[in-house]
Amino acid sequence: MTKKLVRFDWAMKRLLRNKANFDILEGFLSELLREDFKIRQILESEGNKETEDNKFNRVDILVENQQGELVIVEIQNTREADYFQRMLYGTAKVIVEHIAEGQAYSQVKKVYSVNIVYFDLGQGDDYVYHGTTTFIGIHSKHELELSEKHKELFQKTAVSDLYPEYYVIKTNRFDEVAKDTLDEWIYFLKTAEIKEEFTAKGLKAASQKLDILKLDPAERKAYDQYMEAQRSDASFVETVRLEITTAVKEALKSREEEIVENALRKGATIGFVSEITGFSIQEVQEIAAKLGLDK
């Protein structure tokens, strides 16, 4: 038995910012990062625009954990060709926004960028990807490591621990068969449902607190409007895709008919043209008739 719940992207904007609901997001991040994650505070991230060319850095949700590390969680429903660069820009902007002028570079915050996408980003057969930064010797092939002094200064054990880490969850590639607790979360992200047997951290709280039936009238109205907007956006994208596909097919067919016409004008037989172009005998005969070549 499953319970229909509020979608996670809407919950992040409206419900998960409430301290009473931190346990939901903490559970998800604990399962993804494979360590116990506790939220210290929800932060805002919106850089001031100094010129028209500068970009706002408005993220879905930005949290700080008890170690002072920052986690960006972004959900993208529609395809963006430059989404990889958006991930990079988001982490860079957050780093700059959270170091005070005059502070040493050792105070740069560790940033995790968690991206939940509902389209096929890049090429790959997995549905969860993790990206880190490492330095490998060109000649020795050995990985560059922190010295003992660096480990003491940064309180980290590896160079990659100092740099942003990226997670990409491609929900559309998930087959909805939960093999572990992270999969249980991805099942929820994809379907907005939680099965009774699921045991992942945070899902029990999500099942209780994100129940659509428990929304007050104002929240239910806002949620319904949000979902209608999402359906409208999806319909628009599908319509555009269909129109483009139709236009391409029509253009190809027109070009193919041009080839058939040229072949017939040069004296090729109807049977031969049909064989080399894939047009049926009847279709070639109709084109020949239009050209007055149906002898």
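Mentor: Buried means under 20% relative accessible area, exposed over 50%, and partly exposed in between (1.4 Å probe, protein chains only). The model is predicted, so local features need pLDDT of at least 70 and side-chain atom pairs count only at pLDDT 80 or more, whereas totals for chains, interfaces and linings use all residues. Residues are numbered from 1 along each chain as its sequence is written, and side-chain values use heavy atoms, with hydrogens and water left out.

Trainee: Why is Glu165 called buried?

Mentor: Its relative accessible area is 8%, and the limit is under 20%; Glu165 is therefore buried.

Trainee: What makes the contact of Lys110 with Glu165 a salt bridge?

Mentor: A salt bridge requires a side-chain nitrogen of Lys or Arg within 4 Å of a carboxyl oxygen of Asp or Glu. The closest N and O atoms of Lys110 and Glu165 are 2.8 Å apart, so the pair qualifies. Lys110, at 6% relative accessibility, is buried.

Trainee: Why does Arg86 count as partly exposed?

Mentor: Arg86 has 28% relative accessibility, which lies between the two limits. Its salt-bridge partner Glu74, at 3.4 Å from N to O, is buried, with a relative accessible area of 8%.

Trainee: What separates Glu258 and Arg255 in helix α7?

Mentor: About one helical turn, because they are three residues apart in helix α7 (residues 217-265). Helices are DSSP runs of H or I with at least four residues, strands are runs of E with at least two, and both are numbered from the N terminus. The side chains of Glu258 and Arg255 meet in a salt bridge at 3.0 Å, N to O.

Trainee: How many salt bridges does this rule give?

Mentor: The count comes to 20.
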